[in-house]
Amino acid sequence: MSIFGSSHFGLPRLKPLSSKRAHVVSVLDIGSTKVVCMIGRLTPRAESEILPGRTHNVEVIGIGHQKSRGVKNGVITDLDAAESVVRLAVDAAERMAGLTIESLIVNVSAGRLQSDVYTATIDLGGQEVDANDLRKVLAVAGQQSLRQDRAILHSLPTGFSLDGERGIRDPLSMFGDVLGVDMHVLTAERAALKNLELCINRAHLSVEGMVATPYASGLSALVDDEVELGCASIDMGGGTTTISVFAEGKLVHSDAVSLGGHHVTTDLARGLSTRIEDAERLKVVHGSALPNASDERDIVTVPPIGEDDRDQPTHVPRALLSRIVRARIEETLELIRDRIQRSGFSPIVGKRIVLTGGASQLTGLPEAARRILARNVRIGRPLGVSGLPTAAKGPAFSTAVGLMIYPQVAELEEHAVQGGMLSQLTGGNGRIARMGQWLKESF
């Protein structure tokens, strides 16, 4: 059954995980460079000082990854090619785990991700705040965010206020006259999500939930102090670079830029007249985001672009290769800096930036980012997950691991979406809506 089969503006939400039994969760990270399927077993865990936000231990029992085809800048461009890659990745993960999966949690990079904050207030009349008041104020905020052409990926209450006093995390049982909420809503274009779902449905799989790529990578790469104090996670993928800002334990802003590691590769292929595969190898082996004194002396061999045996490889100084790489990397970092500044969350981010994603592994990138962003930068790798093969412990797999962590925090956004969906289904002021409201308030 299609998740877009009805007129819902939000997508289906994951059910909260049981704190008493283990769950098997399957996820799919569809990127411009690779497609990764992971199957994990989530087992309840006791409260711990290490990663206290996690409710379950995650053990990866199956993983499969393939070179991506039919995907450009996070958008499905060839359904047949993308479907075959999804099938191969899922099949490899199923064989390793020894089980068959039917549904997946999938990431979203496409659809022009947009972050908005909506504020809503309701009158309490000096009474105590109860669960019904919270539902009402979240529903009012949720109603403001509904748009015909966009689907809601995430809606997170970032903070409550009582009588104008902001910064209240949980107003339940407090007294006041006016209750307010700030709701962060992350939306994407419906057409891009439909194509993503169609690609997965064609592989005879259903979509259990959709998660924005910046949210997923932030969940896996950031430590709790960074999430509390305020921090930006920058996921540098092959086709897109996504930004997520976390503060006080919640996602407060997201953005995406259509530049990534593959743009560096195509710049090298054009500038040095070589094939894409050879340009990728040259980038990984010799590319650097920092100038080096020995670059002018070191000579790099560039394979010819043709198949003719008479074509001789060319020899260029490494300085030329580094200049091409550096130009694109600096452009990307400057764009990220401007986006963070324009978002208004620059003071919340402070001096903390975490780089993750496959393109963040380029030599000298953290140093270049420190210079351009003027902040402390570290490389973020997936945290708190067991069973990952050595090859999958790097920043390139942060999004896939984040999708595995997401079910543990999905309940943070459940109430707001339910409020919005209920009004959608019942028309807001219809007889069923009024009767349902009376039942809720009376019993």
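Hello everyone, and thanks for coming. Residues are numbered from 1 along each chain as its sequence is written. The model is predicted, so local features need pLDDT of at least 70 and side-chain atom pairs count only at pLDDT 80 or more, while totals for chains, interfaces and linings use all residues, and side-chain values use heavy atoms, with hydrogens and water left out.

Let's begin with the overview. The protein has 13 helices and 19 strands; these are DSSP runs numbered from the N terminus, with helices being H or I of at least four residues and strands being E of at least two. Of its 443 residues, 53% count as buried. Buried here means under 20% relative accessible area, exposed means over 50%, and partly exposed is in between, with a 1.4 Å probe and protein chains only. Contact means heavy atoms within 4.5 Å. Among contacts between residues at least 6 apart in sequence, 70% join residues at least 24 apart.

Now for a sheet. In what order do the strands of the open four-stranded sheet come? The order is 7-10-8-9, and the pairing is antiparallel. Two strands pair if DSSP finds at least two bridges between them. Strand 7 (114-123) and strand 9 (165-168) are at the edges, each with a single partner strand, so one side of each has no neighbour in the sheet. On average, neighbouring strands of this sheet are turned by 35° against each other, direction ignored.

Let's walk through two of the pairings. Strand 7 and strand 10 (residues 178-189) run antiparallel and are joined by ten bridges. If you want a place to look, Thr119 stands opposite Asp182 in strand 10. Strand 8 and strand 9 also pair in the antiparallel sense, over two bridges, and there Phe160 stands opposite Ile168 in strand 9.

Strand 8 and strand 9 form a hairpin with two residues between them. Asp163 lies in the loop between these strands, and its phi is near 50°, a positive value in a residue other than glycine. As background, most residues other than glycine have a negative phi. Asp163 is partly exposed, with a relative accessible area of 43%. Ser173 counts as partly exposed, at 44% relative accessibility.

On to the helices. Helix 3 lies across strand 8 (150-162) and strand 10, running at about 60° to strand 10. Axes are lines fitted to C-alpha atoms, for helices over the stretch in contact, and angles run from 0 to 180 degrees between N-to-C directions.

How do helix 1 and helix 3 pack? Helix 1 (residues 79-97) and helix 3 (residues 190-202) meet at an angle of about 55°, with their axes 8 Å apart. That makes helix 1 oblique to helix 3; angles under 35 degrees count as roughly parallel, over 145 as roughly antiparallel, 65 to 115 as roughly perpendicular, and the rest as oblique. On the helix 1 side the contact has Leu79, Asp80, Ala82, Glu83, Val86 and Arg87, and these meet Asn195, Leu198, Cys199 and Arg202 in helix 3. By class, that is five nonpolar, one polar and four charged residues. Ala, Val, Leu, Ile, Met, Phe, Trp, Tyr, Cys and Pro count as nonpolar, Asp, Glu, Lys and Arg as charged, and the others, Gly among them, as polar.

Another helix pair is helix 4 (residues 213-221) with helix 11 (residues 398-405), packed at about 85° with axes 7 Å apart. These two are therefore roughly perpendicular to each other. Helix 4 contributes residues including Thr213, Ala216 and Leu219, and helix 11 contributes residues including Ser398, Val401 and Ile405. By class, this contact has six nonpolar, six polar and no charged residues.

Finally, two single residues. Is Ile336 buried or exposed? Ile336, in helix 8 (residues 318-343), counts as buried at 0% relative accessibility. Its C-alpha atom and that of Ile234, 102 residues away along the chain, are separated by 8.5 Å. Leaving aside neighbours within four places in sequence, Ile336 is in contact with Ile234, Thr241, Ile243 and Leu373. Asp267, in helix 6 (residues 261-272), is buried too, with a relative accessible area of 19%. With neighbours within four places in sequence set aside, Asp267 is in contact with Ile324 and Arg328.
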